[in-house]
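Student: Can we go through this one together? Show me the structure before we start.

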Amino acid sequence: MKTKYDFLIVGTGLFGAVSAYLLKQKEYSVLMIDKRAHIGGNVYTEKVNGINVHKYGAHIFHTSNKEVWQFVNSFVEFNRYTNSPVANYKGKLYNLPFNMNTFYQMWGVKTPAEAQLKIEEQRKEASEKLRAKSEQLGIPCEPQNLEEQALLLVGRDIYEALIKGYTQKQWGRQCTELPAFIIKRLPVRFTFDNNYFNDTYQGIPIGGYTHLIEKMIAGCEVRLGIDYFQQKDELDAMADRVIYTGEIDRYFNYQHGHLQYRTVSFETEVLEDVTNYQGNAVVNYTDAETPYTRIIEHKHFEMIGADVVSCPDTIISREYSKEWQPGDEPYYPVNDDKNSALYAQYEAMADAQNKVIFGGRLAEYKYYDMHKVIERAFEVIGQL
Ligand code: FAD
Ligand code: UDP
């Protein structure tokens, strides 16, 4: 076994795996470690009863970046899955994202002109409030929080039924305490189009994400079940440089305090002899009372048409969102003002390290989607 590598990569998630592949191309030697017993980080999928289960939550790949799309497709083929979640609000179903189907279900409006009039009426309260504030301050004002942004985008009825309860469950915070950008991820359309994303390319890797990661890191030495901090000195001595993809606050021993995260717990059930439980991969429960945020039916990510019924069983996961406690998996960084200020302190410390590169969702404390993580790895490794 080699004792000296060019790079030690801490974490076999997407950032670590893309970095490993790119470094290999540049003929660097790489050792990868992960504290988990498997590769892939949060995109890990596991085959159960013939179905690829997204162990750490539903993952749909989408991007408008052709280079990224060609990159992932060079390892595995992607299917034509298009995410079109359904929202269940107190027993009534609505299509997402907010589009003509949703507006019809909500108000009975049938044409884009009718829908636009209705939305204008719904947005009036929020847009007048913002205009008055801008006039008073003499500068154009932007929505200050998620509630203001949502009311400005879609108005009161949709906010109350499809956003408020779901968001408060997902983030454990009032919509008035959350940043506006979170809700801007969702498209608002005046067409009958239930595609959750506006991106040019979308799909699921056939055979699961684990297969994609395996292909990326083929030929690299990987050691699993190793926590970097248990053997840091020994591991650091084995490589010239380190790529660290874990939590940034942990790296610096929480010197400035803990960054906050949201975590998700999954209640997964194998339903034998049920071929089709909910007819869709994702159903969101948008009221405040249902304790889970959504139910995922994993087979629908990869099985389309007749394949759904020819697989005799199905697997569902109810997702419960909660505040992260030490020992939990950190999932979502909470990019509010308090945490952003704390992160800035850690970021300054990270910038001062010349042997270590910090990359990915946890090390950069950013709400990155998969394609953004890949773009970031291209950028970081491209500079080496
Ligand atoms: P991670 O996947 O978290 O990888 C970090 C790795 O480092 C982990 O394997 C961890 O075990 C390891 N590690 C950490 N600390 C140590 C240590 N001390 N020692 C050793 N190993 C360590 N993106 C999309 O594009 N589409 C989606 O539909 C989508 N859905 C999502 C749903 C959920 C519930 C979540 C949480 C995220 C979702 N994402 C989605 C985002 C996507 O998961 C991330 O962009 C991506 O997985 C981040 O990769 P990463 O390598 O930065 O982090
Ligand atoms: N959201 C909502 N209702 C829904 C789905 C999403 O209000 O039915 C809000 C919620 O605040 C969420 C944000 O829209 O955090 C972005 O949704 P997305 O599905 O992109 O979140 P993800 O789970 O991928 O982070």
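This is a predicted model: local features need pLDDT of at least 70, side-chain atom pairs count only at pLDDT 80 or more; totals for chains, interfaces and linings use all residues.

Student: OK, α4. What does α4 reach from its first C-alpha to its last?

Tutor: Helix α4 covers residues 112–137 and reaches 35 Å. That is close to the 38 Å expected; the expected span is 1.5 Å times one less than the number of residues. Helices here are DSSP runs of H or I with at least four residues, strands are E runs of at least two, and both are numbered from the N terminus.

Student: Where does α4 bend?

Tutor: At K124, by about 50 degrees. The bend is the angle between axes fitted to the seven residues ending there and the seven starting there.

Student: And which residues of α4 are buried?

Tutor: A115, I119 and A126. Buried means 20 or more other C-beta atoms within 10 Å of the residue's own, with C-beta atoms placed from the backbone; exposed means 12 or fewer, and partly exposed is in between. These buried residues pack against α3 (100–107) and α5 (146–154), where contact means C-beta atoms, placed from the backbone, within 7 Å.

Student: What follows α4?

Tutor: G138, with a positive phi near 75 degrees.

Student: Switching to β13. Are its faces buried or exposed?

Tutor: Both faces of β13 (294–297) are covered. R294 and I296 are buried on one side, I295 and E297 on the other.

Student: What stands opposite R294?

Tutor: N284 does, from the β12 side. In β14, the bridge partner of R294 is E319. β13 runs antiparallel to both: 3 bridges with β12, 4 with β14. Strands pair if DSSP finds at least two bridges between them.

Student: Now ligand 2. Which residues come nearest?

Tutor: I163, Y166, T167, R185 and N284, of 13 around ligand 2. Near means a C-beta atom, placed from the backbone, within 6 Å. Helix α6 (156–171) gives the most to this shell, with 5 residues.

Student: And ligand 1?

Tutor: Of 35 residues around ligand 1, G11, G13, G41, G246 and G360 come nearest. The elements giving two or more residues are α1, β2 and α12.

Key
Residues are numbered from 1 along each chain as its sequence is written. Chains are lettered from A and ligands numbered from 1 in the order in which they are written. Two residues are in contact if their C-beta atoms, placed from the backbone, lie within 7 Å.
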